[in-house]
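Visitor: I'd like a quick tour of this one, please. Let's start with the sequence and the model on screen.

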Amino acid sequence: MVNQDNQGLQENRVFAPPAEFVANAAISGMDAYNKLCAEAAGDYEGFWARLARENLDWHKPFTSTLDESEAPFYKWFADGELNVSYNCLDRNLKNGNAGKTAIIFEADDGKVTRATYQELYEKVCKFANGLKSRGIKKGDRVVIYMPMSIEGVAAMQACARIGATHSVVFGGFSAKSLQERIIDAGAVAVITADEQMRGGKHLPLKTIVDEALALGGCTTMKDVIVYKRTGGNIPFVEGRDTWLHDLVDAQPAECEPEWVGAEHPLFILYTSGSTGTPKGVQHSSGGYLLWAALTMKWTFDLKPNDVFWCTADIGWVTGHTYIAYGPLAVGGTEIVFEGVPTYPNAGRFWETIDKHKVSIFYTAPTAIRSLIKAADVDPKVHPKNYDLSSLRLLGSVGEPINPEAWMWYYKNVGREKCPIVDTFWQTETGGHMITPLPGATPMVPGSCTLPLPGIMTAIVDEAGQDVPNGQGGILVVKRPWPSMIRTIWGNPDRFKTSYFPEELGGRMYLAGDGAIRNKETGYFTITGRIDDVLNVSGHRMGTMEIESALVANPIVAEAAVVGKPDDTTGESICAFVVLKQARPTGEEAKKLALELRNWVAKEIGPIAKPKEIRFGDNLPKTRSGKIMRRLLRVLAKGETITQDVSTLENPAILEQLKEAS
């Protein structure tokens with residue numbers, strides 16, 4: 001469970017949107033917000049149909065808005081046809097944006113490259129033609145394992161252009177994680193780079209792809225396409241591996257888009273589940289793009305002269321919706337950033353905002369908390385030392401932001417003049433669900449406030465009954481919406497049980513989070529996960545995944561993983577481990593803990609590395625053999641166990657597990 005600062009539940013500080021912002025906002029004032037909500041409530045399908053016609057270009061107009069005949073496998077605009085890349089690129093050329101900067105790429109070393117909409121269009125078309133020359137076609141799946149780059153965005157857009165379904169894998173994931181995703185998606189190609197640059201370091205990508213394929217089972221794989229990012233010396237497999245520049249340089253700079261049905265799978269993005277195996281979240285083309293465009297206009301209030309910067313990686317859904325698709329669908333200018341916030345120093349974010357005159361800045365609470373600490377240690381990197389006057393809007397994403405971090409962000413980065421949009425959403429929702437609107441909603445630190453128009457959220461008990469405001473419960477969405485997950489790739493039964501459980505009636509979307517609404521305002525505050533999924537720096541990981549990785553080590557007999565509150569990452573990973581040898585103590589325990597942390601990093605990725613490992617002769621279990629995880633959560637937090645432990649087979653074990661190695 002993500003432990004949330006209780007201040008968020010009783011917070012009484014309220015910040016009204018600045019009057020100047022309200023006057024010019026796309027949704028101006030609460031009356032405008034309420035009017036849209038009323039329209040959605042009065043004619044739900046008509047509301048979404050109007051927005052889809054106004055915000056997207058359709059090759060073949062739709063006549064059916066919502067098809068609920070196979071619920072919960074909902075379909076939106078199903079008989080309409082469009083192309084996502086066309087909506088992001090060609091439309092901008094026709095709208096007079098050909099010479100406008102689409103992407104400002106800021107490399108790890110500070111070097112800047114720009115691409116106009118015309119240049120990006122040509123790059124994507126050449127890329128798409130190159131993919132077609134390798135026999136990649138509509139309906140094929142392509143895995144993208146790329147660094148942050150213009151080429152990474154172009155790879156996604158090129159797949160969309162030819163109707164191939166992409167699956168982006170975060171560049172920090174291990175060979176095994178990559179292999180699992182290639183196999184599950186049935187991918188025919190991997191697009192990667194020789195290396196990526198992060199914090200001044202060269203990190204391998206192509207080598208990890210080779211390792212993944214060497215693990216076996218990737219029987220559908222035919223091509224590995226490699227972007228030369230650093231020029232690092234890497235092995236090539238003849239007939240399988242191709243340099244990207246060799247593939248695309250001679251290709252035509254135009255590529256007719258493949259028109260696809262609105263329900264055609266645009267991408268599969270794997271997210272952790274509590275059962276251990278990653279879940280391939282499948283998103284549509286039409287409904288997903290509609291919400292990406294709308295939330296750019298509503299939540300970010302994007303204007304033609306804005307410079308938008310989302311600091312996420314394209315390997316996560318935030319990088320899909322608010323880098324690869326949303327900003328381009330509305331003709332925005334955006335930053336694509338390769339580096340890390342602390343290199344060459346912890347002033348990098350503020351320096352970049354100053355340098356590029358960023359007006360909308362969207363980052364994670366983890367980054368904010370780490371930069372608060374950095375500014376305390378070294379006053380030279382405090383945001384007050386930089387010109388941040390270009391900023392007009394701030395955003396937060398990935399996890400709930402604690403009120404004091406919100407206040408620091410508001411005062412020191414936004415200088416008390418920028419609204420903060422604290423956005424709640426998920427990989428499965430495709431875009432924002434609950435968030436302040438910057439020109440309408442009074443803001444409360446730590447609260448994501450109110451659902452967007454058309455999003456029918458509620459808080460219910462375990463039986464699916466609404467609970468009164470002020471009482472915590474389970475967050476659900478009562479009506480389908482266009483950008484929602486369509487299924488879990490290849491596993492429709494898991495989709496139904498994970499998101500539309502029968503105990504809630506089989507028709508309400510289960511977000512998997514607990515929430516509470518303020519008695520007076522009705523504002524939502526997210527209180528944490530209701531299942532065994534950890535949220536570390538906004539990245540979701542199943543406890544089973546990490547436990548499985550630990551137990552795969554030859555010296556480990558058993559492992560249990562829980563989350564504990566962390567000032568920087570929101571939640572950190574605490575592992576309780578039983579070895580096949582005597583319980584280690586002292587220096588030996590520290591040495592083995594380090595080895596196991598590195599083992600998990602290799603098996604899954606560095607983000608999954610436990611912060612603490614505690615060794616015991618056994619784990620606390622009931623007489624029936626069930627691990628008492630609630631007791632482990634208490635131990636991880638360093639609290640005193642007050643619960644009844646009479647059902648424990650081995651209560652003495654609790655003393656052993658109090659100390660971290």
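Visitor: At 17% relative accessibility, does S537 count as buried or exposed?
Guide: The cut-offs settle that: buried means under 20% relative accessible area, exposed over 50%, and partly exposed in between, using a 1.4 Å probe and protein chains only. S537 comes in at 17%, so it counts as buried.

Visitor: What kind of model is this?
Guide: Residues are numbered from 1 along each chain as its sequence is written, and side-chain values use heavy atoms, with hydrogens and water left out. Local features need pLDDT of at least 70, side-chain atom pairs count only at pLDDT 80 or more, totals for chains, interfaces and linings use all residues, and the model itself is predicted.

Visitor: Back to S537: what is its phi?
Guide: S537 sits in the loop between β26 (533-536) and β27 (539-542). Helices (H or I, at least four residues) and strands (E, at least two) are DSSP runs, numbered from the N terminus. S537 is not a glycine, yet its phi is positive, about 55°.

Visitor: And what is the phi of D301?
Guide: D301 belongs to the loop between α11 and β16 (307-310). With 3% relative accessibility, D301 counts as buried. This is another residue other than glycine with a positive phi, near 50°.

Visitor: How far apart are the C-alpha atoms of M296 and T321?
Guide: M296 is part of helix α11 and is buried, at 0% relative accessible area. Beyond its neighbours within four places in sequence, M296 is in contact (heavy atoms within 4.5 Å) with D301, L302, F308, Y322, G326, P327 and V330. From M296 to T321 there are 25 residues along the chain, but the C-alpha separation is 9.2 Å.

Visitor: How are α11 and α12 placed to each other?
Guide: The axes, lines fitted to C-alpha atoms over the stretch in contact, with angles from 0 to 180 degrees between N-to-C directions, come within 8 Å for α11 (residues 286-298) and α12 (residues 317-329) and cross at roughly 80°. Angles under 35 degrees count as roughly parallel, over 145 as roughly antiparallel, 65 to 115 as roughly perpendicular and the rest as oblique. That makes α11 and α12 roughly perpendicular.

Visitor: How many residues of the contact of α11 with α12 are nonpolar?
Guide: On the α11 side you have Y288, L289, A292, A293, T295 and M296, meeting H320, T321, Y322, Y325, G326, P327 and A329 of α12. Ala, Val, Leu, Ile, Met, Phe, Trp, Tyr, Cys and Pro count as nonpolar, Asp, Glu, Lys and Arg as charged, and the others, Gly among them, as polar. In this contact of α11 with α12, no residues are charged, four are polar, and the nonpolar count is nine.

Visitor: How many of the 13 residues of α7 are buried?
Guide: The expected span of a helix is 1.5 Å times one less than its number of residues. For α7 (residues 150-162) that gives 18 Å, and the end C-alpha atoms are 18 Å apart, which agrees. Just past α7, G163 has a positive phi of about 80°. Helix α7 is largely enclosed by the rest of the structure, because its buried residues number 13 of 13.
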